[in-house]
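I opened this model to take notes on its fold. The entries below follow the order in which I looked things up.

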Amino acid sequence: MDSSLDVLIYAHDGRGLGHVSRSVGIGLALRRIFPDLSVLLITGCASTAELIGEGSLDWIKLPSYKTSVVCGKSTGVKGNSNIDDKLLGELRARNIRDIVAAYNPRVFLADHTPQGKHKELLPALDVSPATRCVLGIRAVVGEVDKVWSELAQGVFKENYSDILWYGDTSVCGAEEFARLEDHYGVRPYEAGYVSRLAELREFQGSDREVEKLAGVVSIPWSGEGTAVLLDKLAQTLSGIGTKHGNWHIYMDLREPGVMAAISCFSKLENVSFMQVGPQFLRDLGNSRSAVIYGGYNSLTDVMVCGVPSVVLLRGMKDNEQEKHGAVLAGKSSVIRGVFSDHDVSVAQLRASICACLESSAEVVSVNLNGAAHAARYLAALTGVCDVDCES
């Protein structure tokens, strides 16, 4: 095959950063372990450069999807290009098709669904018949129709040959693994949890010693109820006081209405608001505790750092966060409390955060080498013979 590219990675976007973060982690691992391989990431996520940080990974920016979440249901709306969601899917499909046609990748890795969020991958799958197509699936899928549909099953069987499962059966059990094998007719490769943070640490020098933070709070995207949650957090941190140190709360400060919502912290001198970005990972590693949402990316981050954490759930219809949070709470001692962001009380937050602050960093036995394992698997598909199987 007249190929100009070894590995092309696609991650859809729209709400959280989990899909893109996993894809970036794998891309970074490919570039680190196999520096001679050509690797390219395509996505619409506007935060991709921040996610790559100091790593060496090139990427192409597509127009962004955007979603609105009401009562746990995600609905596509006009993104920053102000193009209708459905039309944007059609336009992105042409973009992706043209990229695949131009680069003829040896291996194409798609995260989450074989057809893409709005079927935008379908035209590209016919362009380069010699390309080996691989599907990457998170540890707990949840009830996502686009993953478990007959369409996804048919697209996979016609165009894909491999599945990378970003989980650990010793933690999650074999049920999800077996369900994927039954649905798609291919036995997945168990890569382990993919941690972008673990990869970025490979590029970072040792940080100078700084005073430990009491904790970090991560609210990467705002939704209904965020203002109420922030008010509860303000009451909670006010009750805890300043003896443990400072708090950094990470949000997308560019979102409409955020500055008004954070006004309830104006009297808390030990609380600072920070723009979501690479500094969060450094702060997390230097914190006594964390309050995070239960997305794959955030859960993996706190496990890598061993930081005792309180996990909040958004109550999405797919129930992925609920299932995953429950599994990890029973297996990883860094998860000290799991609560619905709508229903959690100030008393529950305060008790759980205090329990985190009184705990020490934990060593986690979960397989967190998924990025390196996935990179080796993909490199082998390009024809690279890798004798070092250790990550």
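**Pairing in the sheet.** I count two strands as paired if DSSP finds at least two bridges between them. Helices (H or I, at least four residues) and strands (E, at least two) are DSSP runs, numbered from the N terminus. By that rule strand 10 (residues 215–219) and strand 13 (residues 290–293) pair in the parallel sense, over two bridges. I looked up Val216 and found that its bridge partner in strand 13 is Ala290.

**Ground rules.** This is a predicted model, in which local features need pLDDT of at least 70 and side-chain atom pairs count only at pLDDT 80 or more, while totals for chains, interfaces and linings use all residues. Residues are numbered from 1 along each chain as its sequence is written, and side-chain values use heavy atoms, with hydrogens and water left out.

**Confidence.** I checked pLDDT, the predictor's confidence in each residue, from 0 to 100. The protein chain averages 87, and 90% of the residues score at least 70. Where is confidence lowest, and where highest? Strand 4 (residues 66–70) is lowest, at a mean of 57, and strand 8 (residues 160–166) is highest, at 97. Where pLDDT is low, the predicted coordinates should not be read in detail.

**Overall counts.** The protein chain comes to 15 helices and 15 strands. I take buried as under 20% relative accessible area, exposed as over 50% and partly exposed as in between (1.4 Å probe, protein chains only). Of the 391 residues in the protein chain, 54% are buried. I take contact as heavy atoms within 4.5 Å. Among contacts between residues at least 6 apart in sequence, 75% join residues at least 24 apart.

Six strands form an open sheet in the order 12-11-10-13-14-15, with parallel pairing. Strand 12 (271–275) and strand 15 (335–340) stand at the edges; each has a single partner strand, so one side of each is left without a neighbour in the sheet. The twist averages 20° from one strand to the next. My angles run from 0 to 180 degrees between N-to-C directions, and axes are lines fitted to C-alpha atoms, for helices over the stretch in contact.

**Helices on the sheet.** Helix 9 (residues 226–240) packs on the sheet and touches strand 10, strand 11 (247–251), strand 12, strand 13 and strand 14 (309–313). The direction of helix 9 makes about 170° with that of strand 10. Helix 12 (residues 296–305) also packs on the sheet, touching strand 13, strand 14 and strand 15. The direction of helix 12 makes about 155° with that of strand 13.

**Helix 9 against helix 14.** Helix 9 and helix 14 (residues 346–357) pack at about 50°, with their axes 9 Å apart. That makes helix 9 oblique to helix 14. My classes are roughly parallel under 35 degrees, roughly antiparallel over 145, roughly perpendicular at 65 to 115, and oblique for the rest. The crossing is right-handed. I call a crossing left-handed if the near helix is turned anticlockwise from the far one by less than a right angle, and right-handed if clockwise.

**Helix 1 against helix 15.** The axes of helix 1 (residues 18–33) and helix 15 (residues 370–382) come within 8 Å and cross at roughly 65°. Helix 1 is therefore roughly perpendicular to helix 15. This crossing is right-handed. The helix 15 side includes Ala371, Ala372, Ala374, Ala375 and Ala379, and the helix 1 side includes Gly25, Ile26 and Ala29.

**Gly337.** Gly337 is in strand 15. Is Gly337 buried or exposed? Gly337 counts as buried, at 9% relative accessibility. Leaving out residues up to four places away in sequence, Gly337 touches Ser309, Val310, Val311 and Ser352.

**Asn286.** This residue lies in the loop between helix 11 (279–285) and strand 13. Asn286 is buried, with a relative accessible area of 15%.

**Positive phi.** Most residues other than glycine have a negative phi. I noted His112, with phi near 90°, and Lys119, with phi near 60°. His112 is in the loop between strand 6 (107–111) and strand 7 (132–138). Lys119 is in the loop between strand 6 and strand 7. His112 is buried, with a relative accessible area of 6%.
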